[in-house]
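The entries follow the order of my look-ups.

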Amino acid sequence: MLQLYGNRRPAPHSASGAFPQPPLRAGHLSATYAPRPSAVREARAAVRRHLEEWGLAEPDASQDLTDTTALLVSEVATHALLHSTGDRITLSLMAAHGVLRCEIGEIGGLGDGTGCARPTPGDRGMFLVAALARRWGCEPDGPGGTVWFELGTCVCDGCDRRQP
């Protein structure tokens, strides 16, 4: 599991809980990238493109959602790239029930053998994830690991959306 800083803890796996809101602007993206630096840019562009297609990139209401998602995808994909010894990086993005969930995993092995990479000194990316995501965590996934985070897509007052 990722080392945590401060008193915030990652939430348990979200598959066990139901969301109180009806489906809002649902969508799904799944992509695989070779572990090279251009994969980060490609993943960020794919996320922006899909958020636009799903209607979640409207400048008046959700520009911060698009920017925040692209930033966190960049940071987590870079983290996976730096810590992975695998041959692929996977990206899954799902929007439903007022929640945008992103999962970035690496297929292969991580150097520390735990299934999840640990932040290293100077690794600000996971600090950004902890600060901006509604929930986040890391799970072992076969020989590799998956870092996930969730952001709220609801722009109404009182919907528990964390503002950056």
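**Ground rules.** I am working with a predicted model, where local features need pLDDT of at least 70, side-chain atom pairs count only at pLDDT 80 or more, and totals for chains, interfaces and linings use all residues. Residues are numbered from 1 along each chain as its sequence is written, and side-chain values use heavy atoms, with hydrogens and water left out.

**Confidence.** I checked pLDDT, the predictor's confidence in each residue, from 0 to 100. The chain has a mean pLDDT of 74. Of its residues, 63% reach 70 or more. I then went through the elements, meaning helices (H or I, at least four residues) and strands (E, at least two) taken as DSSP runs and numbered from the N terminus.

**Core.** I looked for nonpolar cores: sets of buried Ala, Val, Leu, Ile, Met, Phe, Trp, Tyr and Cys residues joined through side-chain atoms within 4.5 Å. Buried means under 20% relative accessible area, exposed over 50%, and partly exposed in between (1.4 Å probe, protein chains only). The largest core has 36 residues. Among those with the most contacts inside it are Leu51, Trp54, Ile104 and Phe149. Elements giving two or more residues to this core include helix H1 (38-53), helix H2 (59-83), helix H3 (125-132) and strand E1 (27-33). H2 supplies the largest share, 7 residues. I also listed the neighbours of Leu51, leaving out residues up to four places away in sequence. Leu51 touches Leu56, Ala57, Thr66, Thr69, Leu93 and Leu100.

**Salt bridges.** How many salt bridges does the whole structure hold? I searched for a side-chain nitrogen of Lys or Arg within 4 Å of a carboxyl oxygen of Asp or Glu. The search finds 5.

Arg36 pairs with Glu42, with the closest N and O atoms 3.5 Å apart. Arg36 is partly exposed at 39% relative accessibility. Glu42 is partly exposed too, at 30%.

Glu150 bridges to Arg101 at 2.9 Å, N to O. Glu150 lies in strand E5 and Arg101 in strand E3, so this pair ties together parts that are 49 residues apart in sequence. Both residues are buried.

Glu150 also bridges to Arg135, at 2.9 Å, N to O. Here E5 is linked to strand E4, with the two residues 15 apart. Glu150 has a relative accessible area of 1%, while Arg135 is partly exposed at 21%. I noted that Arg101, Glu103, Arg135 and Glu150 are linked in a network of salt bridges.

**Rings.** I checked for a charge over a ring, which requires NZ of Lys or CZ of Arg within 6 Å of the ring centre and within 35 degrees of the ring normal. The charged end of Arg101 sits over the ring of Trp148, 4.1 Å from its centre.

**Loop residue.** Where does His97 lie? I found His97 in the loop between E2 and E3. Its phi is near 60°, a positive value in a residue other than glycine. His97 is partly exposed, with a relative accessible area of 30%.

Note on methods:
Contact means heavy atoms within 4.5 Å.
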